[in-house]
Amino acid sequence: MEGCRLSVNDLACRRGDRLLFSGLGFSLVPGDALQIAGPNGTGKSSLLRILAGLLRPFAGTVERTGAVALLDERPALDEHLPLGQAFDFWKRVDGGGYRAEELAALGLADLLDVPVRFLSTGQRKRAAFARLKAQGTPIRLLDEPLNGLDTAAASTLLEDTAAFCASGGIAVIASHQPFALAGLRQLDLSEFAS
Amino acid sequence: MSALLTILRRDLAQMFGGGRRGGAILPVLFFLAVAMLFPFAVGPDPVLLARAGGGVIWVAALLAAILPLDRLLAPDLEQGLFDQFALRGIAEEAVVAVRLLAHWLSFGPPLMIAAVPAAALLGIEGETLRLVELGLLAGTPGLAAIGLIIAALTVSLRGGAALGGLLLVPLAVPLLIFGAGALSTGGEAGLALTAAISLLLCAIAPFAGGAAIRAVREG
């Protein structure tokens, strides 16, 4: 995880005819966690997608060293497959493993033979988080990670993110909910709205 | 490379397995249904059936190619799979090329097998059947490529499935002219041209599909 970096410089994002934000800049080094806050529609998800390289910024640059993983509202797990087999696909693509105790901590150990389409919103979110963890990247982008999670799962995710940053990872969390993480930097996107 | 093989395995399992609810079997049944309806509609005149039968098989294959369009890319895009592939540095073009191979395997060979009972229903035999089978071998990769390009272009549209069917018909006309035309001329030239068009379409499809998927993301 050493040597990962994420910095943006004078970033602007336009969706359709609307300029969502402009003049945005920050720099993250290993161990940093940044929460992007702001009301709905200020461009939090768009910013994460720009950081992930999925969306082109309207202006400005993103400099990223290290692989990136993204958690959003779509779990990217095959709906009709049992959860275990859906994980197996990503396991083969990523070459990473799903440790039994990690799945148990996320409450997924008993769900591995349940087809993904029968999982609840929170269970899907937890499954997507397990997939993101197994990817083993030094940078994690979390888009509204607490949505749909119960308090136990939310605290598991918080603890895991804290441990991830402590081990030298970079986490960017887009959420309008408070994210109780020690040393979390805050960035209110509405201040950069134009 | 191993990631692409994993993706190919998944695509094939989805198309042949229960994943897309009989994705591969439905076009075959539709193809056979069209071949079966034709003798009912024009009557049991064996001379007429044998003359028109090859063309009917081609039209049936073209119509069957429309059926799987809406399931080719849309579910995976909605589920965010293409985003996750992109994050891992797997190019959209590569994913679409793999999808094209899987789509043809689930569509071309089954149709060629189904053409044998269809030929029996239409009273085609011998040399004509051989030409039909060779024509389908040459033409179905092109049909698969057209289908994939259209699926990628219409993936973000509501009601894209119906539009996709309409779009496929004119684009497939060259394949139909040369593929079915080889039946009446009996020449290899028509088959060669069909194969050439197919090759061209297969070469374009990954790039057109990849560009379309990126455009949807920017949308």
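Residues are numbered from 1 along each chain as its sequence is written, while chains are lettered from A and ligands numbered from 1 in the order in which they are written. In this predicted model local features need pLDDT of at least 70, side-chain atom pairs count only at pLDDT 80 or more, and totals for chains, interfaces and linings use all residues; side-chain values use heavy atoms, with hydrogens and water left out.

Let me begin with the parallel sheet of chain A. Five strands form an open sheet in the order E5-E6-E7-E3-E8 of chain A, and the pairing is parallel. Strands here are DSSP runs of E with at least two residues, helices are runs of H or I with at least four, and both are numbered from the N terminus. Two strands pair if DSSP finds at least two bridges between them. Strand E5 (68–71) and strand E8 (184–188) of chain A are the edge strands, each pairing on one side only.

What lies on either side of strand E6 (residues 139–143) of chain A in this sheet? The sheet order places E6(A) between E5(A) and E7(A). E5(A) and E6(A) pair in the parallel sense over four bridges, with Leu70(A) partnered by Leu141(A) and Leu71(A) by Leu142(A). E6(A) and strand E7 (residues 170–174) of chain A pair over five bridges, also in the parallel sense, and there the bridge partner of Leu142(A) is Ile173(A).

In a regular strand the side chains alternate between the two faces of the sheet. In E6(A), Ile139(A), Leu141(A) and Asp143(A) point one way, Arg140(A) and Leu142(A) point the other way, and all are buried. Buried means under 20% relative accessible area, exposed over 50%, and partly exposed in between, with a 1.4 Å probe and protein chains only. Helix H4 (residues 121–135) of chain A lies across E5 and E6 of chain A, running at about 180° to E5(A). Such angles run from 0 to 180 degrees between N-to-C directions, with axes fitted as lines to C-alpha atoms, for helices over the stretch in contact; contact means heavy atoms within 4.5 Å.

Seven bridges join strand E1 (residues 5–15) of chain A to E2(A), and Leu11(A) stands opposite Leu24(A) in E2(A).

I turn now to chain B. Which residues of helix H2 (residues 25–42) of chain B are buried? They are Pro27(B), Val28(B), Phe31(B), Val34(B), Ala35(B) and Pro39(B). The buried residues of H2(B) pack against helix H3 (46–66) and helix H7 (92–122) of chain B. Just after H2(B), Gly43(B) takes a positive phi of about 95°.

Finally, helix H1 (residues 2–16) of chain B packs with H7(B) at an angle of about 35°, their axes being 9 Å apart.
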